[in-house]
Amino acid sequence: MLAKRSFRLLLLSAAVLLAACSSPASRIDDKKSVYESYPPEVQQKLAAGQIDIGYTQEQAQIALGEPRRRFNRTTATGSEEVWSYSTRTGPSFGFGLGGGSGNVGGGIGLSTYGNNADEKMRVVFVDGKVTAIEEIVK
């Protein structure tokens, strides 16, 4: 009985975490009316998960999703907002279920990738528009 309850809780937790994942198609569905207001060439890029210089923060979110990190950069010419994206698209999780001698146990682990080892891209914004796209070369 306890094992079934633990397993159900484990499956429910996994389903919730997977539901948090998104794709350009799901983000386009969420912002359909805004997406449809863009020119066809912009729509094509967003649907392919791509952005370009001059795109807005909203367009970047539709194409790329939420950034892993956001930070501000101050330069001699002013302030910039930088969004950092990782090769991982959502939190990592793992689960396990074990037992022996009449005991059953389970656990769930969650990681939000605190280091930048998986960083793949940075997008720089000035006044809400993309001014630079930096792709990590490995």
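Which residues does Tyr38 touch, not counting residues up to four places away in sequence? In this predicted model, Tyr38 touches Gln43, Leu46, Glu58, Gln59 and Ile62 when those sequence neighbours are set aside. Tyr38 is placed in the loop between H3 and H4. With a relative accessible area of 12%, Tyr38 is buried, because the limit for that class is under 20%. One of the residues touched by Tyr38 is Gln59; the two lie 21 residues apart along the chain, and their C-alpha atoms are separated by 9.3 Å.

The overall organisation of the chain is considered next. Five helices and six strands are present, and along the sequence they follow the pattern α-α-α-α-α-β-β-β-β-β-β. Of the 138 residues of the chain, 25% count as buried. The chain exposes about 8,900 Å², of which 54% is supplied by carbon and sulfur atoms. Among contacts in the chain with a separation of 6 or more, 46% are accounted for by residues 24 or more positions apart.

Four of the strands form an open sheet in the order S1-S2-S5-S6, with antiparallel pairing. Strand S1 (69-75) and strand S6 (129-135) stand at the edges of this sheet; each has a single partner strand, so one side of each is left without a neighbour in the sheet. On average, and with direction ignored, neighbouring strands of the sheet are turned by 25 degrees against each other. S1 and S2 form a hairpin with two residues between them, and their antiparallel pairing extends over seven bridges. Within this pairing, Arg70 has Trp83 in S2 as its bridge partner. Glu81 has Phe125 in S5 as its bridge partner, while the partner of Val82 in S5 is Val124. Helix H5 (residues 57-64) lies across S1, S2 and S5, and runs at about 10 degrees to S2.

For Leu46, with neighbours within four places in sequence left aside, the residues in contact are Pro24, Ile28, Tyr35, Tyr38, Tyr55, Gln59, Ile62 and Ala63. Gln59 and Ile62 are likewise among the residues touched by Tyr38.

Charged side chains were examined as well. Side chains of opposite charge can pair when their charged atoms come close. The count comes to eight salt bridges. One of them joins Arg70 to Glu66, with the closest N and O atoms 2.7 Å apart. Arg70 counts as partly exposed, at 42% relative accessibility, whereas Glu66 is exposed, with a relative accessible area of 53%; the two fall into these classes because exposed means over 50%. Glu66 and Arg70 are linked with Glu81 in a network of salt bridges.

Arg122 is partly exposed, with a relative accessible area of 22%, but Glu119 counts as buried, at 9% relative accessibility. Lys32 forms a salt bridge with Glu36, and here the closest N and O atoms are 3.9 Å apart. This pair is counted because the limit for a salt bridge is within 4 Å. Both Lys32 and Glu36 lie in helix H3 (residues 32-36), four residues apart, which is about one turn of the helix. Lys32 is partly exposed, with a relative accessible area of 41%.

Conventions. Residues numbered from 1 in each chain as written. Predicted model: local features only at pLDDT ≥ 70, side-chain atom pairs only at ≥ 80, totals over all residues. Heavy atoms only, no water. Pairing = 2+ DSSP bridges. Axes fitted to C-alpha atoms, helices over the stretch in contact; angles between N-to-C directions. Contact = heavy atoms within 4.5 Å. Salt bridge = Lys/Arg side-chain N within 4 Å of Asp/Glu carboxyl O. Buried < 20%, exposed > 50% of the residue type's maximum accessible area, 1.4 Å probe, protein only. Areas by Shrake-Rupley, 256 points an atom, 1.4 Å probe, with all protein chains shown as cover.
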